[in-house]
Amino acid sequence: MKMEFFHDVLCTYCYMASPIIRRLSREFPELEIQHRSFALILERSDYASDYGSEEEAKKSFIEHWKKNSNKSADRICNYEGLEASDDPLPISVPPLMACEAARAVGGENAYWDVFDALENAYFVNVQNINDPNVIQDAVKSTGINMAAWSKALKNPKTEKLLKDDFLAVASYGVNIVPFIIIDGKPDDEHATIGTGSYEELKAFIENALSK
């Protein structure tokens, strides 16, 4: 059974969902997880079009992080750090490209490890995950072969991997993350928003397996 997991490094709910999906992947070894990159903020101008300005976006993010800061004991949203930060808000593509380069080197698990490391850098340490040095440090922390990752990051084929994910987003009509699709069937029995609890997502998978 194939599970496509759509997400963005900038997404608070994706940050909350990742450890739940990891747990479920261990409990259902028949699940083949395929990560799908989704860009909430494709270009910096999206902040103005979506929020009015980057300043207004930051206010919205602070409130959103604050709302989610106590939802999980092991998922910290450092809203006070975001409030104090002078860094510009990040856009989606640089960290997603880092994940895609990891996939090119080590497959889906390498993508996932880098995704989680970058989310930790962003939501916990409030680092600028558009800064190449921050990205490299996060990637290095996963233990990946850095020479191979750096080579993959510069390879045009890696950008194509990202574009292929964006094409999948458009093909399915996914417009929110996290989102899960089982076996390429975007119907109610095989697709769901990934914001549910462990129990809810487990029940969803069990139901899909029974079909």
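1. Helices (H or I, at least four residues) and strands (E, at least two) are DSSP runs, numbered from the N terminus. By this rule, Pro178 sits in the loop between helix 8 (156-172) and strand 3 (179-182). The peptide bond leading from Val177 into Pro178 is cis, with omega near 0°.

2. On the origin of the values: this is a predicted model, in which local features need pLDDT of at least 70 and side-chain atom pairs count only at pLDDT 80 or more, while totals for chains, interfaces and linings use all residues. Residues are numbered from 1 along each chain as its sequence is written, and side-chain values use heavy atoms, with hydrogens and water left out.

3. The protein chain has 9 helices and 4 strands. Along the sequence they follow the pattern β-α-β-α-α-α-α-α-α-α-β-β-α. The radius of gyration (taken over C-alpha atoms) is 17 Å, close to the 17 Å that the globule rule (2.2 Å times the number of residues to the power 0.38) gives for 211 residues, so the chain is as compact as a globular protein of that length. Of the 211 residues, 46% are buried; buried means under 20% relative accessible area, exposed over 50%, and partly exposed in between (1.4 Å probe, protein chains only).

4. How do helix 1 and helix 3 pack, and at what angle? Helix 1 (residues 12-27) and helix 3 (residues 54-68) meet at about 30°, with their axes 10 Å apart. Axes are lines fitted to C-alpha atoms, for helices over the stretch in contact, and angles run from 0 to 180 degrees between N-to-C directions. The two helices are therefore roughly parallel (angles under 35 degrees). Thr12, Tyr13 and Met16 of helix 1 make the contact (heavy atoms within 4.5 Å) with His64, Trp65, Lys67 and Asn68 of helix 3.

5. Is His35 buried or exposed? His35, in strand 2 (residues 32-37), is buried, with a relative accessible area of 0%. Leaving aside neighbours within four places in sequence, His35 is in contact with residues including Phe5, His7, Arg103 and Asp165.

6. Val126 has a positive phi of about 50° and lies in the loop between helix 5 (93-124) and helix 6 (132-141); Val126 counts as buried at 12% relative accessibility. Asp183 has a positive phi near 55° and lies in the loop between strand 3 and strand 4 (191-193). Asp183 is partly exposed, with a relative accessible area of 37%.

Methods
Parallel < 35°, antiparallel > 145°, perpendicular 65-115°, else oblique.
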